[in-house]
Amino acid sequence: MFETELAGRPFVVETGKMCGLSNGSCLVRYGETAVLCNVTMSDKPRDGIDFFPLSVDFEEKLYSVGRIPGSFMRREGRPGEKAVLTSRVVDRPIRPLFPKDMRNDVSVVMTVMSVDQDCSPEIAGMIGTSIALSISDIPWKGPIAGVFMGLVDGELVVNPTEKQREASDLQLTVAASAEKIVMIEAGANEVDEATMLKAIKTGDAEIQKIITFINGIVAEIGKPKIEFQSMELDHDLLEEVKRDYLDAFKAAMDTDDKTVRDARLLPIRNELEEKYAEQWGAATIEELMYKMQKFVVRRWLLDEGKRVDGRGINEIRPLAAEVGLLPRVHGSGMFTRGQTQVLTAVTLSGLRDAQIMDDISLEPTKRYMHHYNFPPYSVGEARAPRSPGRREIGHGALAERALLPVLPSVEEFPYAIRGVSEVLSSNGSTSQASICGSTLALMDAGVPIKKPVAGISCGLITEGDRWMTMLDIQGVEDFHGDMDFKVGGTRDGITAIQMDMKVDGLTYEIIEEAFEKCRKARLYILDEIMAPVIAEPRAELSKYAPKMLSMKIDVDKIRDVIGKGGKVIQEICANCNAKIDIEEDGSVFISAIDIADAERAMHTIKTIVEDPEIGAIYKGKVTRLMTFGAFVEIAPGKEGLVHISKLDTKRVEKVEDVVAVGDELLVKVTEIDQQGRINLSRKDALADLAAKQK
């Protein structure tokens with residue numbers, strides 16, 4: 001057992017007690033949070049692949065928070081969105097530190113067994129994974145560690161508690177090795193670049209203490225790293241291809257059109273297959289194609305400052321924005337950057353359509369949902385679409401995080417909001433295009449966002465001590481480069497960051513330069529491209545969107561509005577063609593396509609929960625006829641008597657001569673006696689109506 005402190009809370013690592021057949025295992029206890037971390041590796045490399053097969057899984061067990069799963073089977077199913085996002089956050093910092101020529105399967109499994117909401121299981125899982133890998137015999141150039149940074153009342157907080165997170169303007173996860181920053185993921189309420197960099201540095205200082213702690217564990221119980229079969233491409237073969245085909249690759253790559261580039265590369269591929277496939281196999285041909293393209297792209301950038309599409313290093317591809325493309329949806333926006341094009345559609349609905357969360361967090365529902373779809377046709381592939389994978393979930397969450405800080409509160413805008421970004425064409429930075437497209441769509445839908453948000457990415461090429469960054473990377477630069485640094489924000493600050501790395505990390509100097517380049521580009525997109533198309537949210541919602549009203553009623557009156565078995569509320573919904581949601585605190589949300597229907601429903605509810613006012617006029621329904629008058633229901637459960645003398649402006653001989661059961665009447669409250677009985681008058685209501693018409 002090894003013990004230390006993390007952000008003032010006990011951090012305990014248990015090894016050697018459980019999971020004896022894993023290559024590396026540890027149980028991490030952070031406060032009362034417990035995460036079991038296991039890493040395993042296959043004995044032999046996988047045949048026929050040209051990548052390192054790593055899988056990372058963060059398994060949320062609902063027993064960890066004392067809950068039974070809500071599914072029909074009452075057991076955990078496929079990973080939820082939060083689990084997928086955590087798996088990605090752990091995957092990104094550890095993946096670049098594995099040998100690039102290793103093809104053995106490696107599996108990382110983090111099982112959440114107990115959750116103390118003040119002590120993040122995500123951070124415990126990340127550090128536990130690093131410990132398990134470090135003490136195992138799996139080749140890996142760690143350790144790394146991570147912390148969660150908050151910004152509460154202007155002060156940076158390491159691993160904030162649940163209460164502090166609720167008040168925090170920053171949700172930053174930063175991971176680092178002993179030398180460099182290896183992962184950044186953030187959501188923020190318009191935090192400026194200087195504060196963000198300070199938060200990263202503050203987190204790094206805490207991380208270095210954890211790395212020292214991990215190194216102490218490794219020194220005591222770490223296993224020697226095993227030898228593995230290298231699957232590195234034959235150096236002489238690569239040099240032969242460079243000698244014979246380098247000029248052909250340069251000529252093929254020198255275009256800004258992905259389709260043209262692919263067409264030019266095809267005959268080279270065919271020739272290589274004809275020449276080498278029988279001897280080396282299809283996987284080797286694929287790797288040769290990759291290595292040659294990577295060589296050309298990197299040499300152009302580092303040696304000549306040249307990009308494949310001829311742009312300047314800090315030049316953005318041609319941009320375009322458009323709104324209102326889809327007439328029947330509630331809001332739509334399309335953003336185009338070069339050959340990358342994303343169309344976002346926004347749907348508004350009542351709060352009953354908010355997403356119900358069934359995970360280990362304390363968030364019961366999610367009101368704003370952003371989904372990202374990446375169909376095969378967007379990259380010119382001829383295959384059937386499939387359900388969203390981890391990449392799609394991650395990109396959707398990034399855009400969602402970028403826009404959350406500018407959304408109106410439930411009190412200001414009582415709607416559930418769903419944005420769906422359809423990638424129509426992809427040549428790099430589709431996640432950032434979806435941020436821009438979603439901003440356009442939200443404003444087109446009339447959602448009163450506080451400020452528009454835009455996103456842009458910055459790339460990196462490194463070689464030894466040399467490095468350079470470039471703005472707005474396209475697909476080939478992302479594929480062959482070392483970093484995709486994505487930043488979303490408003491004119492006043494950052495709202496989201498996601499950093500993907502292929503090297504062993506970043507220095508503060510690189511991060512600072514990337515921040516500044518992204519800031520300038522973001523302002524240009526907001527002011528020069530998006531603002532001329534739509535500068536602010538539309539004043540009115542689409543005629544196809546539900547109109548929403550809200551009110552607050554006494555908690556004791558909720559049962560009166562709902563009625564026995566829901567009879568009253570169902571009747572109001574049917575009569576008014578509306579949807580009604582009632583929260584436990586007495587908040588009532590009413591939605592209807594026609595605002596008049598919503599207003600009728602609200603009036604009916606007010607009539608139920610408020611005592612009728614003398615002199616007020618109501619539209620009621622006749623429920624019973626007596627010889628002396630008619631009983632009229634002015635609201636569910638509330639009725640009064642219209643005496644025969646008050647049924648009409650002229651004399652009435654029989655009640656049946658004027659009204660029948662089921663008739664709707666305008667009536668005026670004339671008296672409420674000490675027993676609460678209500679006297680009504682149709683005669684007075686008709687007189688008041690006639691006077692108004694005059």
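**Entry 1: overall layout**

I am working with a predicted model.

I looked up the extent next. The C-alpha atoms fill a box of roughly 115 × 60 × 50 Å along the principal axes. The chain is divided into domain 1 (2-147 + 193-221), domain 2 (235-304), domain 3 (319-469), domain 4 (546-610) and domain 5 (613-693).

I then checked burial and surface. Of the 694 residues, 53% count as buried. For contacts between residues at least 6 apart in sequence, I get 70% joining residues at least 24 apart.

**Entry 2: nonpolar cores**

Which residues touch the most other members of the largest nonpolar core? I read off F98, L172, M196, I417, F485 and F515, in a core of 130 residues. At least three residues of this core come from domain 1 (2-147 + 193-221), and at least three from domain 3 (319-469). Another core lies apart from it, with 29 residues, including L265, Y276, V296 and V476.

Beyond four places in sequence, I417 contacts V346, T347, L348, R367, Y368, M369, L407, L442 and V447.

**Entry 3: a surface patch and a buried serine**

I617, L666 and L689 make a nonpolar surface patch of about 210 Å². I617 sits in strand β25 (residues 617-626). I617 has 33% relative accessibility, so I log this residue as partly exposed.

Is S591 buried or exposed? Its relative accessible area is 5%, so S591 is buried, the cut-off being under 20%. S591 belongs to strand β24 (residues 587-592). Leaving out residues up to four places away, I see S591 touching P546, K547, M548, A578 and K579.

**Entry 4: salt bridges**

I count 53 salt bridges. I picked out some of them.

R46 and D105 pair through their side chains at 2.4 Å, N to O. R46 is in the loop between β4 (33-45) and β5 (54-60), and D105 is in strand β6 (residues 104-114), 59 residues away. Both ends are partly exposed: R46 at 36%, D105 at 27%.

R299 and D303 form a salt bridge at 2.7 Å, N to O. Why are they about one helical turn apart? Because they are 4 residues apart in helix α7 (residues 282-304). D303 is partly exposed at 46% relative accessibility.

D688 bridges to K668, with the closest N and O atoms 2.8 Å apart. D688 is in helix α15 and K668 in strand β28 (residues 664-672), so this pair ties together parts 20 residues apart in sequence. D688 is partly exposed at 25%, whereas K668 is buried at 19%.

I also found a network of salt bridges linking R307, D309, R311, R317, R337, D472 and E477.

**Entry 5: D684**

D684 lies in helix α15 (residues 682-693). I log D684 as partly exposed, at 24% relative accessibility. Beyond four places in sequence, D684 contacts K668 and T670. I also looked up K517, which is 167 residues from D684 along the chain; their C-alpha atoms are separated by 73 Å.

Definitions and conventions:
Residues numbered from 1 in each chain as written. Predicted model: local features only at pLDDT ≥ 70, side-chain atom pairs only at ≥ 80, totals over all residues. Heavy atoms only, no water. Core = buried A, V, L, I, M, F, W, Y, C linked by side-chain atoms within 4.5 Å. Buried < 20%, exposed > 50% of the residue type's maximum accessible area, 1.4 Å probe, protein only. Domains from an automatic or database assignment. Contact = heavy atoms within 4.5 Å. Patch = residues over 30% accessible without salt bridge, like charges linked within 9 Å, V, L, I, M, F, W, Y side chains within 5 Å. Areas by Shrake-Rupley, 256 points an atom, 1.4 Å probe, with all protein chains shown as cover. Salt bridge = Lys/Arg side-chain N within 4 Å of Asp/Glu carboxyl O. Helix = DSSP H or I, 4+ residues; strand = E, 2+ residues; numbered from the N terminus.
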